[in-house]
Amino acid sequence: MHLKFAPETETFRAHVRAWFETEFPKDIIAKYKAGEALTTADVRRSEMALGANGWLATAWPKEYGGPGWGIEEQYVFDEELERAGVPTVTPMGVIYVGPVLYTFGSDAQKARWLPGIRDGSVGWAQGYSEPGAGSDLASLEFSAVLKDGVYTLNGHKIWTSAAQHADWIFLLARTSRGEKKQEGISFICCPLDAPGVTVKPIISIDGAHALNEVLFEDVTVPEDCRIGEAGKGWTYSQYLLGFERTSYARIGGKRAMLRHVRGLASALPEGANERLIDDAGFAARLTQAEIAVDGLEMTVFRILSAQVSGGSVGDASSTVKILATETHQFITQLLLEAAGPFVGHRAPSAGSGPRDVASYLGGRAQSIYGGTNEIQKNIIARKVLGL
Ligand SMILES: Cc1cc2nc3c(=O)[nH]c(=O)nc-3n(C[C@H](O)[C@H](O)[C@H](O)COP(=O)(O)OP(=O)(O)OC[C@H]3O[C@@H](n4cnc5c(N)ncnc54)[C@H](O)[C@@H]3O)c2cc1C
């Protein structure tokens with residue numbers, strides 16, 4: 001079962017594929033495919049290459065500089081980007097805060113921040129979680145005190161992805177206390193090089209430096225760094241999460257990983273004990289994973305098709321988040337099995353074993369970030385099914 005696109009969408013696909021093959025910086029693809037850590041300069045160059053072609057803010061409405069693509073084109077573009085081995089676009093600017101800015105920001109804020117996000121020259125990080133506020137995000141304690149048109153920020157954000165590459169952070173801060181803990185939270189942007197900000201690395205189990213703690217000590221930002229109304233940040237933060245959770249679908253990447261698993265499982269010569277592809281149980285699970293990706297693809301398409309142009313898909317994004325992350329983890333389990341014989345060696349013409357172990361370990365985090373999968377099930381039960 002595969003989605004069939006109109007001939008003009010396939011022509012568009014061929015154009016995108018050719019552009020990635022000929023125009024996109026080859027050294028960055030090579031580094032990314034080899035699993036090497038990208039420097040801040042690599043990340044900027046990668047995203048600015050897309051931005052220069054108008055292909056970074058692919059889902060933004062045309063009036064804010066998006067390419068005006070329909071859902072099919074966006075979908076095919078994402079597939080081709082992952083197929084080409086182009087680094088995943090850092091989502092915090094273009095996918096997360098961008099839509100919040102053009103939906104709730106003032107004209108001055110749009111003029112100030114949207115261009116740098118759209119062209120890839122300015123990196124962003126997301127400051128939601130705190131040591132005492134993860135799933136129960138509304139109990140956050142980060143404080144922003146307003147005096148004479150200036151906010152003073154104090155607090156501790158944690159698990160801040162890509163903060164080491166970012167210039168700005170958008171964060172949730174408590175500016176007052178209401179009856180409900182969701183009230184009194186404001187959505188504030190802060191430059192990461194402001195005096196009083198400290199970014200500390202966290203190294204995760206896969207050996208990567210993707211995460212950080214960000215500490216704020218009497219950091220000041222002008223009042224116009226707050227997006228929307230004071231105390232209404234919870235609403236904007238949830239709007240943002242709709243975009244974040246849908247962005248986990250990454251069908252092209254999953255298909256590429258499945259091809260890689262198949263390659264590894266077939267890599268040993270016929271008759272070898274470990275030739276996994278000949279194992280009926282493994283082959284059946286591999287097929288099951290392929291079917292799961294097809295199912296995910298249909299679900300994503302159904303949900304995205306219902307999306308009004310430029311709007312957030314809202315609570316239905318929780319379904320995508322669960323399906324996408326469980327499928328990813330299932331594929332990485334197969335990857336681990338297939339990569340086993342190659343760990344510590346180069347696999348013959350099939351890629352590297354150690355990197356696959358890191359993929360497996362990194363994949364465990366997918367059911368945690370963006371709101372854990374247990375929390376997504378609660379959202380589906382309450383808000384989608386009305387239970
Ligand atoms: C790789 C990675 C990247 C991240 N990037 C960012 C980022 O860039 N910015 C950012 O702000 N945050 C980020 N996070 C943080 C992430 O959003 C939180 O880790 C997540 O929301 C869970 O919060 P917690 O870690 O405090 O776990 P907890 O909330 O303490 O949860 C612990 C366990 O209890 C379960 N649980 C909690 N409450 C309930 C409930 N009501 N019902 C059922 N089960 C429940 C959870 O599902 C989980 O299994 C990232 C996390 C990871 C792992």
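What polar contact joins the side chains of Thr332 and Arg364? The distance in this contact is 3.2 Å. The legends below describe close-up views of a predicted model.

View 1. The relative accessible area of Thr332 is 0%, so the residue counts as buried. Its side chain is joined to the side chain of Arg364 by the 3.2 Å polar contact. Apart from neighbours within four places in sequence, the residues in contact with Thr332 are Met257, Ser359, Tyr360 and Arg364.

**View 2. The crossing of helices α7 and α10.** Helix α7 covers residues 233–246, and its axis comes within 8 Å of the axis of α10. The two axes cross at roughly 35°, and the crossing is left-handed. On the α7 side, the contact is made by Leu241, Gly242, Arg245 and Thr246. On the α10 side, Ser317, Ser318, Val320 and Lys321 take part. Sorted by class, the contact of α7 with α10 has 4 polar, 2 nonpolar and 2 charged residues.

**View 3. The crossing of helices α4 and α8.** Helix α4 is made of residues 71–84 and helix α8 of residues 251–265. Their axes come within 7 Å and cross at roughly 35°. This crossing of α4 and α8 is right-handed. Helix α4 contributes Tyr75, Glu79, Glu82 and Arg83 to the contact, while helix α8 contributes Ile251, Gly252, Gly253, Arg255 and Arg259. By class, 5 charged, 2 polar and 2 nonpolar residues make up the contact of α4 with α8.

**View 4. Trp69 in the loop between α3 and α4.** Helix α3 runs over 40–52, and Trp69 is placed in the loop between this helix and α4. Trp69 is buried because its relative accessible area, 14%, is under the 20% cut-off. Not counting residues up to four places away in sequence, Trp69 touches Phe12, Trp55, Thr58, Gln74 and Phe77. Between Trp69 and Ala230 there are 161 residues in sequence and 34 Å in space, C-alpha to C-alpha.

**View 5. Ser46 in helix α3.** Ser46 is placed in helix α3 and has a relative accessible area of 3%, so it is buried. Leaving aside neighbours within four places in sequence, Ser46 is in contact with Phe24, Ile28 and Pro87. The C-alpha atoms of Ser46 and Asn212 are 22 Å apart in space, and the two residues are 166 residues apart in sequence.

**View 6. Trp159 and Ala162 in the loop between β3 and β4.** Strand β3 is formed by 150–158 and strand β4 by 168–174, with Trp159 in the loop between them. Ala162 is found in the loop between β3 and β4 as well. Trp159 is not a glycine, yet its phi is positive, at about 60°. For Ala162, also a residue other than glycine, phi is positive and near 60°. Ala162 is buried, with a relative accessible area of 14%.

**View 7. Pro222 in strand β7.** Strand β7 consists of residues 211–222, and Pro222 lies in this strand. Pro222 counts as partly exposed because its relative accessibility is 41%. Not counting residues up to four places away in sequence, Pro222 touches Gly149, Val150 and Tyr151. Pro222 and Pro67 are 155 residues apart in sequence, and their C-alpha atoms are 33 Å apart in space.

**View 8. Domains of the protein.** The domain assignment places domain 1 at 7–89, domain 2 at 124–237 and domain 3 at 248–384. The centres of domain 1 and domain 2, taken over C-alpha atoms, are separated by 29 Å.

Conventions:
Residues numbered from 1 in each chain as written. Predicted model: local features only at pLDDT ≥ 70, side-chain atom pairs only at ≥ 80, totals over all residues. Heavy atoms only, no water. Axes fitted to C-alpha atoms, helices over the stretch in contact; angles between N-to-C directions. Helix = DSSP H or I, 4+ residues; strand = E, 2+ residues; numbered from the N terminus. Left-handed = near helix turned anticlockwise from the far one by under 90°. Contact = heavy atoms within 4.5 Å. Nonpolar A, V, L, I, M, F, W, Y, C, P; charged D, E, K, R; others polar. Domains from an automatic or database assignment. Buried < 20%, exposed > 50% of the residue type's maximum accessible area, 1.4 Å probe, protein only. Polar contact = N/O pair within 3.5 Å; in protein donor to acceptor, adjacent residues only side chain to side chain.
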